[in-house]
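These are my notebook entries from a first walk through this structure.

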Amino acid sequence: MVNITFPDGAKKEFDKGVTALDIAKSISEGLARKVIAANINGEVWDATRPINEDATINLLTWNEPDGKKTFWHSSAHLMAEAVEASFPGVKFWVGPPLDSGGFYYDMDLGDRKLSEEDLVSLEKKMNELAKTNSAYIRKEMPKAEAVQYFTEKGDEYKLDLLSNLNDGEITFYTQGRFTDLCRGPHIPNTGLIKAIKLTSIAGAYWKGDEKNKMLTRVYGITFPTQKELDEYLLMLEEAKKRDHRKLGKELGIFTMDDDVGPGLPLWLPNGTIIIEELEKLAKETEEDADYKRVVTPHIAKESMYITSGHLPYYQDSMYPPMELEGQKYYLKAMNCPHHHKIFAAEPKSYKDLPLRLAEYGTCYRYEQSGELFGLMRVRCLHMNDAHIYCTKEQFAQEFKAVNDMYLKYFKIFGIEKYVMRLSLHDPEKLGQKYVNEPELWIETEELVRNVMIEAKIPFVEVKGEGAFYGPKIDVQIWSAIGREFTLATNQVDFAQGRRFKLEFTTPDNNTDIPLIIHRAPLGTHERFIGFLLEHYAGKFPVWLSPLQVKVLPISDKFMDYAKVVASKLKKSGVRVEVDDRNEKIGKKIRDNELHRVPYMLVIGEKEMNESKVSVRRQGKGDLGMKDLDEFISNIKEEIINRTNE
RNA sequence: GCCGUUGUAGCUCAGUGGUAGAGCACUUCCUUGGUAAGGAAGAGGUCGUGAGUUCAAUUCUCAUCAACGGCUCCA
């Protein structure tokens, strides 16, 4: 007998060799039908795997993340079975579930290419195979036997996987006619997979290394019911409507032009208003925090980027140099070297520190063509940049002050869905991707970690995401279609101060090198506005909205009064236009609702006679008649307070 | 940069080996209408670009550019 402990602490005895599925059945048939896998002593197991020792059990269904993952991983196997049936000789690499939902499988199809039609027929095949209710059968295998199996098959990919596994930890899974080397776990049988959608075909480098062969990756998603698949597809449609590329065009925010070049957005008048509002916010905030503004050129000589160390570490991301008078000049990809030169322009004392130099700097980065993505990833960017030069003693407070500034901004914009990431170096890439100062790395990373812990700001740590000159706190966000980006960043730099020979005189009349904080709480205009478009679904709060009020006369009899209203608003500093088209009021409302104009003022006979306006709020409808002066003072307050509605 | 897909009017999209169509937007006219589309007429495209095949190419082939979905890389 084995003792099974349930999540609520209840204990029960079962025969040795009992499975999670048996246990579920002992509770109810309904539950047993829903069980996907089970957490046994903290490890996710097949629901059909015999339990031979006392254990704690947590039955996993579709409602648990691990249940979903198991479901999708098994779906990947089902897809592989369909692929193998359709394309004999195909070799598989790995087929994991995705945190964001669904799964993929990487495969080597030789010279064959998959088309969209292939996906449709594969889906059909998968549905047929699912209906066979084939069990996923687990089998342990000695390493030698496994190696022999794949050697005979000529499967170099699975042999590569096996080379990292030890004897005794190798398992195979078989469902229907498909057998795969797999750690598992899997769902009990294919019949649980009721709704299948293969979403896309893509190339993916083997082991994620661009030097390796490119495999074919097929993405898909599955659900236990058709309804859930339909809902998922609907959700994708909705997400596409939020896409900043679509909204940016509809709302006249930015445009791209082939003659200007890829990744070089042109900011239209509406977008420029948003830029100017953001800069106003940044300048106010930075002035409050005792930053000093500077302005620097867009280019610099090669020698500066040799000094900074950017050329060895960053050259691939910079536009190639132009040669003038025997000198090479680079377009700047970052503002820091220019700012360091400003620091160095005059001798500094400890009394000058912390020195905070701020600039909305224009930078150019030669991003690889395939990486460009609307406004989120571009080649010309305007960075909410500043560099803080401080002593080691001042560092913690300065770094924390930057974090506080982030949080203050995020509150203004109502940004809640983000992850703070402590981005660390990768010791294996010291000297290549990261300056070769192992002790300084550890020391600085600890410094940053402590600031975060003391500030009680939750964060995750990721190795290999640091800047070449030091660790950083990145704010990670997700675009409407689920792509991850760094929105804002707060970086420590222990390297460039020394490289630029930046010094200050200490109280005891010695010299020391400042620590440098690189920070961009509002990231770049490009990415930030791209993000805001999606965050607000185009419905900017009044203070940010390119057009704040549209005056809608019922007919042109009221045009003169409409113009008086508009001119009063304009004099109060409100961005306003009159809809003077020869259209009915319903049409005017519809068009301005679609353009996300926050306030519409309907003007007719009543309003004209009483010096009033009928206020309509975008997305909310008619708010009723108000005195014009009352409306003006309300909206001005909303603008000044940067009310986030 | 790599793999795949796409490229027709300002936007969304039909379509064809014999020099192109719809809806919306736009212009003009009628209409002067009270909270999400009033009516009519009109204008607008050398079908991404370049070459090839053909009597004939927007349609077939190749190249190239760009966008999109991924991979790699990053604010």
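**Entry 1: around the RNA**

I began with RNA strand B, which has 59 residues around it, and Tyr205, Thr486, Asn582, Lys587 and Glu607 come nearest; a residue is near a molecule or strand if one of its heavy atoms lies within 4 Å of it. Of the atoms of RNA strand B that come within 4 Å of the protein, sugar and phosphate account for 45%.

A note on ground rules: this is a predicted model, where local features need pLDDT of at least 70, side-chain atom pairs count only at pLDDT 80 or more, and totals for chains, interfaces and linings use all residues. Residues are numbered from 1 along each chain as its sequence is written, chains are lettered from A and ligands numbered from 1 in the order in which they are written, and side-chain values use heavy atoms, with hydrogens and water left out.

Next I looked up some side chains facing the RNA. Lysine 249 has a polar side-chain atom 3.5 Å from a phosphate oxygen of RNA strand B. For glutamate 371, a polar side-chain atom lies 2.6 Å from a base nitrogen of RNA strand B. Lysine 557 has a side-chain N or O atom 3.5 Å from a sugar or linking oxygen of RNA strand B.

Which element gives the most to the surface near RNA strand B? I found that α18 does, with seven residues. Helices (H or I, at least four residues) and strands (E, at least two) are DSSP runs, numbered from the N terminus. I also sorted the residues of this surface into 18 nonpolar, 15 polar and 26 charged. Here Ala, Val, Leu, Ile, Met, Phe, Trp, Tyr, Cys and Pro count as nonpolar, Asp, Glu, Lys and Arg as charged, and the others, Gly among them, as polar.

**Entry 2: a sheet of three strands**

I then followed an open sheet with the order β8-β9-β10 and antiparallel pairing; two strands pair if DSSP finds at least two bridges between them. At its edges are β8 (137-140) and β10 (178-181), each pairing on one side only. Strand β9 (residues 171-175) is joined to β10 by four bridges, and tyrosine 173 stands opposite aspartate 180 in β10. Helix α3 (residues 65-86) lies across β9 and β10, at about 125° to β10. Such angles run from 0 to 180 degrees between N-to-C directions, with axes fitted to C-alpha atoms, for helices over the stretch in contact.

**Entry 3: histidine 518**

Is histidine 518 buried or exposed? I read a relative accessible area of 4%, so histidine 518 is buried (under 20% relative accessible area; exposed is over 50%, partly exposed in between, with a 1.4 Å probe and protein chains only). Histidine 518 sits in strand β28 (residues 515-520). Leaving out residues up to four places away in sequence, its contacts include Cys336, Tyr469 and Asp493 (heavy atoms within 4.5 Å). The side chains of histidine 518 and histidine 387 are joined by a polar contact of 3.1 Å. A polar contact is a pair of N or O atoms within 3.5 Å; within protein, one must be able to donate a hydrogen and the other to accept it, and residues adjacent in sequence count only if both atoms are side-chain atoms.

**Entry 4: a sheet of five strands**

Last, I traced an open sheet with mixed pairing, in the order β30-β29-β31-β32-β33. β30 (576-578) and β33 (621-627) each have a single partner strand, so one side of each has no neighbour in the sheet. Six bridges join β32 to the antiparallel β33, where aspartate 627 is the bridge partner of lysine 612.
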